[in-house]
Amino acid sequence: MKVLLLFALSLSVATGFCQQSPIPQLLKRDTIFFEDFNVDNDTNWVDEEDKNVSVKGGFFYHHSKEKGITAQPFQVNLDTSKNFEFQFRAKAPEGKNDLGVFFWGRDIDINSYQSNYWYFHKNGRSVIYNIPQPSGKGHYKSSWVRSQLNEDGFNIYTLRKWQHRYYVYVNNRLVKVINNELPCYGSKFGLGAGSLKHRQALAVFDYISVSYIE
């Protein structure tokens with residue numbers, strides 16, 4: 001499976017916490033995609049010629065290239081008219097300028113940057129944003145989050161779309177409500193890593209799930 005080069009941004013810090021979720025308690029979750037990486041060297045995720053990705057011991061390891069930010073793509077056919085949830089458990093890269101990556105709704109064209117991205121750091125700093133143009137240029141909407149987490153271990157990251165808002169959770173704690181629309185342009189999702197200092201970075205993923213919620 002081919003590794004994608006991602007659009008890179010310089011990140012800064014902003015804060016904002018919400019203590020209680022304004023959405024109703026979930027009554028139903030219908031999972032349409034789930035991967036827990038329990039098959040070592042699963043060929044759905046690993047190409048023997050690509051030494052930057054591996055699946056071992058129930059984890060997906062992604063080393064970024066030395067230049068830029070890269071991710072391993074997969075496909076999920078998601079009906080965005082419904083309420084939905086993405087959740088993944090991951091360990092962010094070690095360096096303060098390194099980041100883990102999750103993207104969704106990307107154009108199927110491998111050369112297009114048109115998508116939604118979540119970049120996350122081990123210190124709790126992260127950003128979710130939308131790139132509306134295939135070239136990566138143009139105005140994008142950003143929402144900054146700073147959350148309390150386990151800096152040296154794994155954390156659970158969740159994004160729920162409920163009606164016309166998006167709710168961001170870290171370790172099941174609501175940390176941000178996004179009122180801007182985050183449209184999907186295609187069925188491509190991805191997990192990866194990168195560095196703003198153009199060096200290799202390692203992100204480790206335990207699982208990823210995509211669900212409809214009610």
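Phe103 sits opposite Gly190 of strand E14 in this predicted model, with strands being DSSP runs of E, at least two residues long, numbered from the N terminus. E14 covers residues 188-195 and runs antiparallel to E7, with 7 bridges joining the two; strands count as paired if DSSP finds at least two bridges between them. E7 also pairs with E8 (residues 115-120), again in the antiparallel sense, over 5 bridges. In E8, Trp118 is the bridge partner of Phe102.

Glu35 is buried but has no salt bridge, and Arg89, the nearest side chain of opposite charge, lies 14 Å away. A salt bridge here needs a side-chain nitrogen of Lys or Arg within 4 Å of a carboxyl oxygen of Asp or Glu; for charge, Lys and Arg count as positive and Asp and Glu as negative, leaving out His and the chain ends. Leaving aside residues up to four places away in sequence, Glu35 touches Asp42, Trp45, Asp206, Tyr207 and Ile208, where contact means heavy atoms within 4.5 Å.

As for the whole protein, the secondary structure comes to 0 helices and 15 strands. Of its 214 residues, 53% are buried.

Residues are numbered from 1 along each chain as its sequence is written, and side-chain values use heavy atoms, without hydrogens or water. Because the model is predicted, local features need pLDDT of at least 70 and side-chain atom pairs count only at pLDDT 80 or more, while totals for chains, interfaces and linings use all residues.

Note on methods: Helix = DSSP H or I, 4+ residues; strand = E, 2+ residues; numbered from the N terminus. Buried < 20%, exposed > 50% of the residue type's maximum accessible area, 1.4 Å probe, protein only.
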